[in-house]
Amino acid sequence: MTIQSETSTVETATGKAKTMVLNMGPQHPSTHGVLRILLELDGENVVKAIPDMGYLHTGIEKSCEDKTYSQAITLTDRIDYLNPLGNNLAYCLAVEKLLGIEVPKRAQYIRVLMVELQRVSSHLVWLGTHAIDLGAMSVFLYCFREREEILKIFEFVTGQRMMTSYIRIGGLALEPPTGYLQRVEKFVKMMPGRIDEYEELLTGNRIWIGRTKGVGYISADDAIALSMTGPTLRAAGVPYDNRKVFPYSSYEEFDFDVPTRTDSDCFARYMVRVAEMRESLKIIRQAMKKIPPEGPVRTDAPGIVPPEREKMKTEMEALIYHFKIFTEGFSPPPGEAFAAVESPRGELGVFVASDGSPKPLRVHFRAPSFINLQALPTLIEGKLIADVIACIGTIDIVLGEVDR
Amino acid sequence: MSENSNTNVVVERLRAWSPNAISEVIEFRGETTIVVPRNVLRDVAERCRGDKELRFNLLSDATCVDRYPLEPRFEVNYQLVSIPRSQRLCLQVRLSSGDPVVDSLVPVWPGANWLEREIFDLFGIRFNGHPDLRRILMPDDWEGHPLRKDFPVEGYRDIPSIATRYTRNRT
């Protein structure tokens, strides 16, 4: 660290003599976890900002190398804990690419349905916490009320509220229970009205506009140069969305728009995310129509995908495969694969390298929060300290993903 | 196969520019990886970003693979995206264990800054010309590079168990 303690002075670019160093975090409530930012202040203006992280570093990538391909799925849940299904999907797509297997259409549509529900729930957490950071307490309570409904659906379908591990290599963990579509339907009917409510509370609110409009501007060229992706990039006017540009899991069959804005400030990012929630609901409605009532949710790949329970009881081969999958694992051919999905925060990429053994040689997560956070100094340097909080919120970081 | 013809454009453009730019092209599962000699990496990267027919303007990811005990031990992979042309490409450079140094790509894509810091932190690869090569995830005083294959999963440090700490406090 270049800035050591609260009293030290540092050379400034502007040449001003008296600056103060403020240590924001790691336990500051608006940093959404344990992010520390060293702020050099000239009065109320930020001269320099140095983000410092690693407080939540748990070595997930190293741990993945010590597990079989299937075992590592449970670790992916814990990277971005607001988007566990999206992480499962990205990891499974990468391993499926490595293995060269296809997933049945029914499983692909259910994956899309679940991931889009997850996107809505993640954006709800973002909206609620961002609003509470800027002083709008009630929005937080409403957002968490609706998120609870999504988590209840997850519990019903996957058995878990958060760490679902539902998407597995070659398909899904289990057949969704009877009546899950009715629950989703109920939610999808209720949600548009609720989004209108949030917008009524915020979009025309003068305090909200005052805190977000014109705050945290970054040009589209700078955003691309700093490798930003997701709503932050789309708010700068670049319609880069993996679901459209590099479709995966049958997204090319769905009809949806990629919301963009050109102002590239906190308000524009808020508008993009709210519009994305509505688009997600659109995708969910289409997915509900597309999912066939019956059909396999796992691909037929003996030795990779666990066999049906029924077959295990009657077929010798299935029993042997089951035993081998859960003791030894399976060995993909040597090679490297990179799969990217659009997570609520941006491009979530998973790089998997295999050396032909049952354990991955290397698993790397291209964490969108980590890379988007890189732009934080650009957003806040030269601005007021009160805007720092708005800017951290607007990037939508999840520290579990930043530190991995 | 439009994917392949697009890839050939990249390979042809780079070969036409300099015959030494590419040492190997790997095609695997629809992905293209171009292996680049270490000394021309930055030039190739600049070409990929600036060439009118390539325009890889977004550096999506950079990571490293440790193939210990094989040599060359390290592979540094850069995942590039061309937003205007909707294409992905992987640039790879191979480094030996004795001299794990490569030119930084921060001058080409400023977004490489933290990605290269992460690789330096976890693999111990040095990037020439990087403006701020410090550890990013591990503590500043950490010894070793944890994602190297010869670094044990459980670490080196001898941490006393909770039971011994408890008895020590009582006496």
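Pro69(B) has its place in the loop between E3 and E4 of chain B, and a cis peptide bond with omega of about 5° joins Tyr68(B) to Pro69(B). The elements named here, helices (H or I, at least four residues) and strands (E, at least two), are DSSP runs numbered from the N terminus. This is a predicted model, in which local features need pLDDT of at least 70, side-chain atom pairs count only at pLDDT 80 or more, and totals for chains, interfaces and linings use all residues. Residues are numbered from 1 along each chain as its sequence is written, while chains are lettered from A and ligands numbered from 1 in the order in which they are written.

**Backbone features that stand out**

- Most residues other than glycine have a negative phi, and most peptide bonds are trans.
- The loop between E3 and E4 of chain B also holds Pro72(B), and the peptide bond that leads from Glu71(B) to Pro72(B) is cis, with omega near -5°.
- In chain A, Ser249(A) has a positive phi near 50° although this residue is not a glycine, and Ser249(A) is found in the loop between helix H10 (242-245) and H11.
- Ser249(A) counts as buried because 22 C-beta neighbours lie inside 10 Å; a residue is buried if 20 or more other C-beta atoms lie within 10 Å of its own, exposed if 12 or fewer, and partly exposed in between, with C-beta atoms placed from the backbone.
- The loop between H10 and H11 of chain A contains Ser264(A) as well, and Ser264(A), again not a glycine, has a positive phi of about 60°.
- Ser264(A) is counted as buried because it has 24 C-beta neighbours inside 10 Å.

**Chain B and its helix H3**

- Chain B contains four helices and seven strands, and along the sequence they follow the pattern α-β-β-α-β-β-β-β-α-β-α.
- Of the 171 residues in chain B, 37% count as buried.
- Helix H3 of chain B, residues 112-123, has 12 residues and reaches 16 Å from its first C-alpha to its last, which is close to the 16 Å expected at 1.5 Å a residue; the expected span is 1.5 Å times one less than the number of residues.
- H3(B) is mostly covered, with 12 of its 12 residues buried, among them Trp114(B), Leu115(B), Ile119(B) and Phe120(B).
- The buried residues of H3(B) pack against H14 of chain A, and also against strands E3 (58-66), E4 (74-82) and E7 (126-128) of chain B.
- After H3(B) comes Gly124(B), whose phi is positive, near 75°.

**Where the two chains touch**

- In chain A, 33 residues are in contact with 27 residues of chain B, where contact means that the C-beta atoms of two residues, placed from the backbone, lie within 7 Å.
- The elements of chain A that give two or more residues to this side include helix H3 (84-99), strand E7 (346-354) and helix H14 (368-373).
- By class, the side of chain A that touches chain B has 15 nonpolar, nine polar and nine charged residues; Ala, Val, Leu, Ile, Met, Phe, Trp, Tyr, Cys and Pro count as nonpolar, Asp, Glu, Lys and Arg as charged, and the others, Gly among them, as polar.

**Helix H4 of chain A and its partners**

- The axes of helix H4 (residues 105-133) and helix H11 (residues 266-290) of chain A come within 9 Å and cross at roughly 155°, which makes H4(A) roughly antiparallel to H11(A).
- These axes are lines fitted to C-alpha atoms, for helices over the stretch in contact, and angles run from 0 to 180 degrees between N-to-C directions; angles under 35 degrees count as roughly parallel, over 145 as roughly antiparallel, 65 to 115 as roughly perpendicular and the rest as oblique.
- H4(A) passes H11(A) in a left-handed crossing, a term used if the near helix is turned anticlockwise from the far one by less than a right angle, whereas clockwise is right-handed.
- The residues of the contact of H4(A) with H11(A) divide into 13 nonpolar, two polar and five charged.
- H4(A) also packs with helix H5 (residues 137-158) of chain A at an angle of about 160°, their axes being 8 Å apart, and the two helices are therefore roughly antiparallel to each other.
- The crossing of H4(A) and H5(A) is left-handed, and the contact includes Leu117(A) and Val120(A) of H4(A) with Phe140(A) and Ile150(A) of H5(A) among its residues.
- By class, the contact of H4(A) with H5(A) has 15 nonpolar, three polar and two charged residues.
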